[in-house]
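Work through the exercises below with the model open beside you. Try each task before reading its solution.

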Amino acid sequence: MQRLIQDMLSYSRMGASVTELRETAAELALLQALDNLQGAIGTSGAVVTYDASLPMVLADKTQLMQLFQNLIGNAIKYQNPGVPRIHVSAARGDARRWTFSVRDNGLGIEPRHFDRIFGMFQRLHTSDDFAGAGIGLAICKKIVELHGGVIAVESEAGRGSTFSFTLADVGVTA
C-alpha cells in the first residue's frame, strides 16, 4: 500500500510545475538508473548494455533517470526463464530529436495491449504473478510527454519488447 501511495504521489507531482529542460547527458542519467537498480540487476543476473555514446538531450535529469529506471526495471521484472538481457540505444530521429530504445528478451506483450499498458493501473498480470501497481508505464508516458516526446512499444508475446521514446536534441530550444 505504501508503494502505491508513493507511486501515486510521484505521478501527481509530475507536471505540477513546468519542468525546466536543460542540456543533459543521457548516459549519466542511465548510469544513475542502473545504480538504483543494482539490487534487482544482481538478484536477476541481468545483463544491461548500452550504446557507447549516448547523446546529450534537453531533459530534466531526474525524470530521465526515472524513465530509464522504470523501463529497465520492467524489463528485469517481466522476464522469461534465463538471463535477462537489456540493451539501451539511441539514434537520431531527425535533426531535432533522438529516439531512445530499451530492448529486452522478456515475456513480450501482445499487440492488442499496446495502448492499454500506458494507462494508470493497467496490468497485464495479476499482483500474485508480479508485484507493482500498474503505474510505472503511465509515469514513463507522462515524463516523455512533458518533454515534448512520444513513447511507443514494439513487441510480440514470448519474444521480448522494445520501448522507444523521443527527446529533443540539445540544439533545439524548448
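## Exercise 1: The end of a helix

Task: Find the residue with positive phi that follows helix 5.

Solution: Helix 5 is followed by Gly148, and the phi of Gly148 is positive, near 80°. The structure is a predicted model, and every value in these solutions is computed from it.

## Exercise 2: The order of elements

Task: State how many helices and strands the protein has, and give their order from the N terminus on.

Solution: Step one is the count, which gives five helices and seven strands. Step two is the order: starting at the N terminus, the elements run α-β-α-α-β-β-α-β-β-α-β-β. Step three looks at the chain as a whole. The protein has 174 residues, of which 45% count as buried. Among contacts with a separation of 6 or more, 73% are between residues 24 or more positions apart.

## Exercise 3: The nonpolar core

Task: Describe the largest nonpolar core, and say which residues have the most contacts inside it.

Solution: The largest nonpolar core has 38 residues. Leu64, Phe68, Ile72, Phe100 and Phe165 are those with the most contacts inside it. The elements giving two or more residues to this core include helix 2 (26-36), helix 4 (61-77), strand 5 (97-104) and strand 7 (161-168). Helix 4 gives the largest share, eight residues.

Next, take one of these residues, Phe100. Leaving out residues up to four places away in sequence, Phe100 touches Ala26, Pro55, Val57, Phe68, Ser89, Ala90, Phe163, Ser164, Phe165 and Leu167. As background, nonpolar side chains tend to be buried together in soluble globular proteins.

## Exercise 4: Two helix pairs

Task: Give the angle and axis distance for helix 2 with helix 4, and then for helix 4 with helix 5.

Solution: Two packed helices are described by the angle between their axes and the distance between the axes.

1. Helix 2 and helix 4 pack at about 50°, and their axes are 8 Å apart.
2. The two helices, helix 2 and helix 4, are therefore oblique to each other.
3. The crossing of helix 2 and helix 4 is right-handed.
4. The residues of helix 2 that meet helix 4 include Ala29, Leu30 and Ala33; on the side of helix 4, Leu64, Phe68 and Ile72 are among the partners.
5. Helix 4 and helix 5 pack at about 145°, with axes 9 Å apart.
6. Helix 4 passes helix 5 in a left-handed crossing.
7. Among the residues of helix 4 that meet helix 5 are Gln63, Leu67 and Leu71; in helix 5, Leu137, Cys140 and Ile143 are among those that take part.

## Exercise 5: Inside helix 5

Task: Which residues of helix 5 are buried? Then examine Ile143.

Solution: Helix 5 spans residues 136-146, and its buried residues are Leu137, Ala138, Ile139, Cys140, Ile143 and Val144. Ile143 counts as buried because its relative accessibility is 1%, and the cut-off for buried is under 20%. Ile143 and Ala59 are 84 residues apart in sequence, but their C-alpha atoms are 9.6 Å apart in space.

How values were computed:
Residues are numbered from 1 along each chain as its sequence is written. This is a predicted model: local features need pLDDT of at least 70, side-chain atom pairs count only at pLDDT 80 or more; totals for chains, interfaces and linings use all residues. Side-chain values use heavy atoms; hydrogens and water are left out. Buried means under 20% relative accessible area, exposed over 50%, partly exposed in between (1.4 Å probe, protein chains only). Helices (H or I, at least four residues) and strands (E, at least two) are DSSP runs, numbered from the N terminus. A nonpolar core is a set of buried Ala, Val, Leu, Ile, Met, Phe, Trp, Tyr and Cys residues joined through side-chain atoms within 4.5 Å. Contact means heavy atoms within 4.5 Å. Axes are lines fitted to C-alpha atoms, for helices over the stretch in contact, and angles run from 0 to 180 degrees between N-to-C directions. Angles under 35 degrees count as roughly parallel, over 145 as roughly antiparallel, 65 to 115 as roughly perpendicular and the rest as oblique. A crossing is left-handed if the near helix is turned anticlockwise from the far one by less than a right angle, and right-handed if clockwise.
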